[in-house]
Amino acid sequence: MAVTGIATAPVGNLGLTRRGLTGLLLVAIPVLLLFWLIIYPIFSAIYDTLFLADQTGTRHFSTESYRFFFSDGYSLNNLYLTLWTTAVCGVLLIVTALPIALYLRFSTSRLAAYVQGLAIFPMFVPSIILSYALIRTIGPNGAVDIILNSVGLPKLPSPYLSPWGPVIGLVWDNLPLTVLMLVAGLGSISNNAIEAARDVGASPFRVLAHIILPRMGNSLLVAASFAVLGIFSAFTLPYLLGPASPEMMGPFMQRTFNDLNDPLNATTQAVVTFGFCLFFGIFYVYSIARNREKS
Amino acid sequence: MKRREFLAASAAAVAGAGLMPRFAFADEHTIELYSGSDSNIIDLWNNVVRPAFEKANPDLKLKVVDAQDNNGLRAIADRALAALKTKTDPKADMFEHFDPRLPTDGIKEGLWVKFSTENTPDYAKVNPMAIDSDYSLPYRGSQVLLAYDKTKLDPKDAPKTWDALVAWIKANPGQFIYNRPDKGGSGGNFVRRAIHEANGRDPSKFTVANYTEDFAAKALPPAWKILNDIAPSLYDNGSYTAGNSQSLQLLAQGVVTMTPVWSDQVLQAIAQGVLPEETTGLVQLTDLALCGGFSRMTVFTNGANKDAAMKLANYMLSSEMQEAIITKIGGFPGVSWENISDDLRQKYADVIPQTIPTFPSGDWETAVNDGWYRNVAPNLSRS
């Protein structure tokens with residue numbers, strides 16, 4: 001624990017406080033910036049949506065905008081679609097990224113470097129370019145349809161403009177970060193532990209289930225939290241590839257704010273979105289804190 | 001230093017000094033024009049308007065800045081309104097296309113120039129149908145048409161009335177798509193045509209000023225009913241593209257047979273080979289045309305080059321520029337047709353109609369767009 005570490009440190013009590021003070025001063029500016037740019041806007045948004053100004057300009061407490069959001073079927077549909085997309089993407093990301101990460105961690109062949117390069121590649125493609133590329137490939141009469149047609153196979157229903165369009169795009173877009181985080185997490189598993197298990201005759205599946213996965217919990221959690229936070233507020237891919245309705249929270253908020261000139265409801269949607277993201281953020285902070293305690 | 005060198009050097013210095021104030025002078029008269037339009041319009045301004053205007057006015061320069069979209073323009077307008085209150089230069093002189101009702105207090109605070117024949121000599125030429133507010137100057141328009149694939153639909157069978165169109169859409173499921181009304185005017189004006197259809201095909205029934213919630217609650221639901229009725233027959237049982245160009249793309253890829261398009265965009269797509277010239281058909285409804293829209297310039301009262309900007313605004317109404325709009329981008333003029341040369345009027349008579357129904361923006365826009373998202377887009381029969 002950090003506290004006991006400090007108590008046994010070979011520094012006098014006086015020196016400790018002075019050092020603590022210098023440390024606090026050093027972080028003061030970033031912490032103030034954090035308050036100004038992040039904490040203050042959050043509380044201001046919550047305040048603005050809970051204390052509404054009436055015609056005379058005086059503010060009074062009201063949960064009206066939240067009551068509207070949670071009683072409006074259209075808004076709720078958008079929220080459900082966002083949650084569904086996030087959940088499906090989260091699962092698909094882990095399912096696709098984990099095997100790649102395991103391969104990259106344990107393979108010693110030269111091919112692994114190329115696989116890694118390929119897995120990281122989507123990081124360098126802006127999502128607007130990706131959207132148009134996907135429309136051309138998986139869209140109707142796109143490259144996939146042409147290839148299927150040329151070998152005499154029937155056309156597939158295109159995911160373009162259906163909820164599966166953004167799912168494909170978002171998984172593609174978030175794959176590199178997830179792979180990188182899982183590879184980093186796998187790096188902390190020692191070869192010795194795995195070899196020891198193999199020596200006593202454990203099958204590869206048992207090694208995965210009993211040695212690797214239990215040690216991976218933390219990085220899986222971190223990777224999932226990051227992916228979820230990115231997907232929840234995604235804008236470009238859901239807007240260009242997804243259906244007109246229900247729409248994900250990103251396009252919905254943008255439309256409410258800009259097209260309907262309705263900052264109050266847009267802020268309410270933002271606070272609701274933030275609430276869900278906070279939930280995953282807490283997971284992330286919790287796992288980081290647990291990691292610190294361990295080390 | 002030799003005498004001759006000295007003379008040459010001092011002559012150069014004098015010439016330089018003589019040039020310097022002219023540079024500064026020229027810099028003071030650079031009109032800062034911001035546009036939120038698509039790249040074809042920015043190209044028109046840079047390649048056609050700017051050279052011609054600078055040639056006609058050697059002491060003036062024009063700088064065209066792409067503000068990306070209407071939100072970009074709004075941010076600059078907000079900045080100009082703040083500059084007006086502090087009496088500073090907004091660093092912007094005019095907008096290529098903007099609604100002067102924004103920012104909300106703009107007109108009240110005197111942010112925009114009020115156009116009249118006094119400050120704009122050619123104001124009388126402007127097409128009266130295009131005038132939307134005294135604070136904006138319509139200079140170009142375009143119309144929504146139906147573009148179709150002639151290989152799948154014989155031009156003689158192309159629907160020419162709303163009823164025929166609806167019948168065709170239902171008879172050919174999956175072959176028609178329009179885009180979300182707030183994300184591009186081609187779909188937006190298709191939706192507005194349905195509103196006209198549901199309200200007696202009389203465009204004069206809707207004005208910016210006559211919006212009330214009660215009237216909207218009466219006028220719009222029948223249109224939602226019409227649109228919901230055709231929704232299951234649209235592409236993918238009721239999908240809507242995210243913009244004008246995506247609709248054109250689906251037509252070009254042979255996914256759909258017919259889609260509403262902007263006249264200028266489809267002519268340009270044909271000119272660029274995106275759509276094949278010989279098999280792309282264009283048709284307009286004859287019972288009531290699909291709505292069009294005008295682009296209206298606004299000029300800041302507090303811009304450093306207000307007078308020069310007003311000169312440019314008037315220049316855009318000249319027959320040279322108005323005809324360039326027809327010939328270069330396939331748009332139609334902001335001035336009345338009698339101000340356009342006879343050959344041009346005859347040559348483009350098919351594409352450019354004599355009357356252009358319009359639908360007011362303002363509160364109607366919000367009501368139509370949000371109403372469509374809530375009532376038509378979540379077409380329940382899809383799932």
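A salt bridge is taken here as a side-chain nitrogen of Lys or Arg lying within 4 Å of a carboxyl oxygen of Asp or Glu. The model is a predicted one, in which local features require pLDDT of at least 70 and side-chain atom pairs count only at pLDDT 80 or more, whereas totals for chains, interfaces and linings use all residues. Residues are numbered from 1 along each chain as its sequence is written, chains are lettered from A in the order in which they are written, and side-chain values use heavy atoms, with hydrogens and water left out.

By the salt-bridge rule, the count over all chains comes to 17. Within chain B, K183(B) and D182(B) are joined by a salt bridge with an N to O distance of 3.6 Å; K183(B) is buried at a relative accessible area of 18%, and D182(B) is likewise buried, at 16% (buried denotes under 20% relative accessible area, exposed over 50%, and partly exposed in between, with a 1.4 Å probe and protein chains only). A further pair in chain B, D99(B) and R101(B), meets at 3.0 Å, N to O, with D99(B) partly exposed at 22% and R101(B) partly exposed at 26%.

In chain A, R255(A) forms a salt bridge with E247(A), the closest N and O atoms being 2.8 Å apart; R255(A) is buried, with a relative accessible area of 1%, and E247(A) is buried at 5%. The side chain of R255(A) also meets that of D370(B) in a salt bridge, at 3.6 Å from N to O. Between chain A and chain B the count is two salt bridges.

Contact between the chains, defined by heavy atoms within 4.5 Å, involves 26 residues of chain A and 27 residues of chain B. The two chains bury about 2,300 Å² between them, 46% of it on carbon and sulfur atoms, where buried area is the accessible area (1.4 Å probe) that two parts lose on being put together, summed over both. In chain A, the residues that lose the most area to chain B are L161(A), Y239(A) and A244(A), which together account for 23% of what that side buries.

Of the 383 residues of chain B, 52% count as buried.
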